[in-house]
Each structure stands twice: as structure tokens, then as C-alpha cells.
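Here's a quick tour of one model, starting with the backbone and ending at the ligand. Keep the viewer open while you read.

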Amino acid sequence: MIASASAPGKVILCGEHAVVYGQPAIALPLSDVRAVAQVEGAPPSMGIEVVAPDVSEQWQLTPEQQHPLALLIRLTLARLAVAPLPDLHISLRSAIPIASGMGSGAAIGAALVKALAAYFGAQLPPAEVSQLVYESERGFHGTPSGIDNSVVSYEQAMWFVRGAALTGQTTPPVIEPVTVGVPFSLVIGDTGVRAPTRVTVARVRERWEAEKELYSTWFAEIGRLATQAREALLQGDVALLGTALNRNQKLLQQLGVSSPELERLIVAARSSGALGAKLSGGGGGGIMLALVDDVARPLVARALHDAGATRVIETVVH
Ligand code: PMV
């Protein structure tokens, strides 16, 4: 028996970083760019072997292993009440660039949880898939808001406000579907610069610690732009959405998470007709996105290639 499952990549349309501090953000799944996990039985006493050819990884699960996916496998098997540890061969493939702001780690995790559940004849609701992925990533990413694991698990455009830790108890995040009044197009450009999210999140935290009032004002302003973007999506007002994205980028620059490579792609997109453009995700490298109409779409895609994007993805959001 072989079980397989997949999960999409994602982009954050508006609100990254500020979302870590309790502000709302909007995330979109990228359904055409996916991670796939396959689980099959292995001969007795083989244990659990994990093969991930896209990142040249192959390892055997051991009790003391610190890999986030090792933790995720243990958590998922415990949730499925599978004991003792079974003999399995797990293969992981992903078309989502790593450490680029497209949620590759979360997507691989969600695909893995769903494939393990399918192998053992269970189906976990998105909230549980999301929670398991969050638990496994928490130790490795510092203070993740939970937006990545949520959007790849629910696979829908979402309004997200992180859950709060209240006197030892954790309240769940606010997750609401976002209504897209009129479909719109995004062109996504990858700088090719790998920038781990935990590094930029830690950098922002240091700056916030040093100047709490100033940074909190900026976070709140980003939160207001997310509200404006949601309204623009509902109304199908792409001009308003473009303005919100551009203003969001200005604030991300102020937070210190843009980079020369990102700026180059953003300027190229805007000067070839994009209605708005900003970095997406952790920043410091990784991806940017541009909001385009049908006329600008091919021009922006070409301009991003010419400005050095290592990969350009065009997508329509419904
Ligand atoms: O994983 P990335 O690079 O898409 O970034 C996630 C968004 C951040 O707001 C920067 C971090 C977080 O945990 O929300």
C-alpha cells in the first residue's frame, strides 16, 4: 500500500512580520506549486527511512533526532495512536523553492502529515494538520505566527491573526476566508537569495526591543493596510490593492527586511506596469510579488527575468 498527499506553496499578500506581533495578515495558497509526500510500508525492522531528493537528504528516524520533520513524524504517529513505531519508507518531493518565503517547510510538513494519516486510514481536518506542523516548526523558527502552516493546511485565501499565549494557555488563531470579488493576477519573482525566515524575524525582534514604540506604530500601520487590502479584494478594487501593497513595502523597508535584490525586482515590476509590488514572506532575499492586469502581466514577467529573477511564477487568485 502506498499513500500520498500534497500541499501548496503560499505567498503572504500583506502583513508579514507585523503578524508576529498580533496584527492581521493575508495569505494565499499557490495551488500550482506543491510539495508531495509518499508513504509506503518497508520490510520488518527497517524502521522509518526518509528520502528527500530535492534537498539531497536521506536519513533514518532515531529517537533523539532533532530534525523538524523527525519531530513531526513522531507527533503525527502519536496523534494517530500508531505504536510501536512502524517500518516505513517516506519520500518527500517539492517544487517550492526552499527558504524563499513560499512556505516550503510548512507545505512539506502538511503533505507528510496528510500522507501518514492516509496510510493509517485516517483523515485529519485542516486545523489538526496545521497544529501538528506548527508544533514541529516552533522549536526551529523561533516565534512563528502560524500563518504558513495555516494557509498550506487550509489551502484557501485567508485572513489570519495569530493566537495569543495567555497565562500558559494558548488561544487559537483567527482564520477567516478572504472573499476575492474579482480574480486578479500576481507575478512572483524569486531573487534566488536564500534567506531563512528565523534570521529576519530575529532581526526585527532585536530592533523592536530597542525601539518598541516606533516599531509598534509601524506594525499597526501594516495591520491597517491588511484591512484595506481585504476591503480592496472584496470590492475587486485592484488600484486600491496596489496602493496598499506599495505602502506595505515601504514599511517593510523601514523594518529593515528588504534587500538590494528585492528592491531591484520591485522597481523593475513597477516600472513595467505593475499596480503594486512588495517583498513577500520573511524578506532579506526570497521572493517578491507584483499585482498586474492582463496588459502588464507579460511585461512584468519579462522585466523580472531581465532584472535577474531566478524564477518567475504567474498565478491568478480567485
Ligand atoms: O515563512 P515566510 O518566509 O513566508 O515568512 C513568514 C512570515 C513572517 O511573518 C515573516 C514570520 C511569521 O512567523 O509569521
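## Ground rules

Helices (H or I, at least four residues) and strands (E, at least two) are DSSP runs, numbered from the N terminus. This is a predicted model, so local features need pLDDT of at least 70 and side-chain atom pairs count only at pLDDT 80 or more, while totals for chains, interfaces and linings use all residues. Residues are numbered from 1 along each chain as its sequence is written, and side-chain values use heavy atoms, with hydrogens and water left out.

Most residues other than glycine have a negative phi, and most peptide bonds are trans. S56 isn't a glycine, yet its phi is positive, at about 50°. You'll find S56 in the loop between strand 3 (48-52) and strand 4 (57-60).

The other one is a cis peptide bond from A83 to P84, with omega near -5°. P84 sits in the loop between helix 1 and strand 5 (88-94).

## A helix pair

Helix 1 (residues 68-79) and helix 2 (residues 104-119) pack at about 30°, with their axes 10 Å apart. Axes here are lines fitted to C-alpha atoms over the stretch in contact, and angles run from 0 to 180 degrees between N-to-C directions.

On the helix 1 side, the contact (heavy atoms within 4.5 Å) uses L69, L72, I73, T76 and L77. Helix 2 brings I108, G109, L112, V113 and L116. By class that's 8 nonpolar, 2 polar and no charged; Ala, Val, Leu, Ile, Met, Phe, Trp, Tyr, Cys and Pro count as nonpolar, Asp, Glu, Lys and Arg as charged, and the others, Gly among them, as polar.

## Around the ligand

There are 15 residues around the ligand, and K10, H17, S145, D148 and T197 come nearest; being near takes a heavy atom within 4 Å. The shell has 6 nonpolar, 6 polar and 3 charged residues. Strand 1 (2-14), helix 4 (147-154) and helix 5 (197-210) each supply at least two of its residues.

Now the polar contacts (pairs of N or O atoms within 3.5 Å). Oxygen atoms of the ligand lie 2.5 Å from a side-chain N or O atom of S145, 2.6 Å from a polar side-chain atom of D148 and 2.9 Å from a backbone N or O atom of G282.

Technical notes
Polar contact = N/O pair within 3.5 Å; in protein donor to acceptor, adjacent residues only side chain to side chain.
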